Amino acid sequence: EAKLGEATDIIAECLMQNFKCVLIGNRRAWCAKALDSVKSKCNKTLWDRTWAEIATGEISAQDRVALAREYMAQPGPALLVGTIDALGESIDLQDTDVSVLTQLPYTSGQLIQLVRRFSRPGQTRPHTCYAMIAEGTVDEEIERLVLNKFEAIDAVGATSEGLTGEILRQTEEQEVQQLQDWLKENADVED
């Protein structure tokens with residue numbers, strides 16, 4: 001709940017600046033709640049001129065691509081709310097000012113795929129990505145496991161995309177296992 005409030009505050013402020021925004025969570029039901037929260041923080045005039053849609057696994061991949069194209073065609077303000085899985089691959093979102101991730105993907109490969117939705121050839125706007133990490137929750141462990149891989153890649157100088165991809169593929173199974181182990185050990189910690 002705290003992350004939802006912070007994330008939707010950021011999005012509402014950005015919409016007031018005529019920005020195009022993407023808000024990403026990990027549950028379908030959360031997406032509708034997030035959209036309602038953003039709407040409640042915008043005045044009627046702003047919301048009436050804001051293009052806003054939800055993209056989850058409940059709609060086909062073809063329809064998600066069509067929604068992304070419609071979003072891309074908007075001059076702003078615009079908001080696309082979706083899940084990591086629905087927006088993480090094969091979706092072009094390079095015309096986005098701000099993205100907010102309320103949940104990190106569980107592997108560094110998934111994170112790279114997600115971030116690459118915004119940084120692509122044809123990018124026309126500077127993009128800022130916020131990742132919401134709640135203290136004292138599993139978020140911190142996911143951050144440690146996933147983001148440390150990028151530091152390791154930098155440390156060995158793996159600048160080639162092929163080498164970077166290979167390093168990430170080799171570590172994803174380890175990341176998932178480490179996360180599962182951590183979750184078992186910390187089962188009483190609230191998410």
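Predicted model: local features only at pLDDT ≥ 70, side-chain atom pairs only at ≥ 80, totals over all residues.

Let me begin with a question: is C42 buried or exposed? C42 is buried, with a relative accessible area of 10%. By the convention used here, buried means under 20% relative accessible area, exposed means over 50%, and partly exposed lies in between, with a 1.4 Å probe and protein chains only.

Residues are numbered from 1 along each chain as its sequence is written, and side-chain values use heavy atoms, with hydrogens and water left out.

For C42, the nearest cysteine sulfur belongs to C21 and is 9.4 Å away. C129, at 35% relative accessibility, counts as partly exposed.

Now to the overall organisation. The chain contains eight helices and five strands; helices (H or I, at least four residues) and strands (E, at least two) are DSSP runs, numbered from the N terminus. Along the sequence, their order is α-β-α-α-β-α-β-α-β-α-β-α-α. Of its 191 residues, 45% count as buried. As for contacts, meaning heavy atoms within 4.5 Å, 78% of those between residues at least 6 apart in sequence join residues at least 24 apart.

I turn next to a helix pair. Two packed helices are described by the angle between their axes and the distance between the axes. The axes of helix 1 (residues 2–16) and helix 2 (residues 28–41) come within 9 Å and cross at roughly 50°. Axes here are lines fitted to C-alpha atoms, for helices over the stretch in contact, and angles run from 0 to 180 degrees between N-to-C directions. Helix 1 and helix 2 are therefore oblique to each other, since angles under 35 degrees count as roughly parallel, over 145 as roughly antiparallel, 65 to 115 as roughly perpendicular and the rest as oblique. On the helix 1 side, the contact residues include L4, T8, I11 and L15, and on the helix 2 side they include W30, A34 and V38.

Which residues does L101 touch, leaving aside those up to four places away in sequence? They are I24, L111, L114, C129, Y130, A131 and M132. L101 lies in strand 4 (residues 98–101) and is buried, at a relative accessible area of 2%. Its C-alpha atom is separated by 6.1 Å from that of M132, 31 residues apart along the chain.

Q123, by contrast, is partly exposed, with a relative accessible area of 35%. Q123 sits in the loop between helix 6 (108–115) and strand 5 (128–131), and touches Q94 and F118, again not counting residues up to four places away in sequence.

Finally, two backbone features. A cis peptide bond joins G76 and P77, with omega about -5°; P77 is in the loop between helix 4 (61–73) and strand 3 (78–83). N18, found in the loop between helix 1 and strand 1 (20–25), has phi near 70°, a positive value in a residue other than glycine. N18 is partly exposed, with a relative accessible area of 33%.

Notes:
Disulfide = S-S within 2.5 Å.
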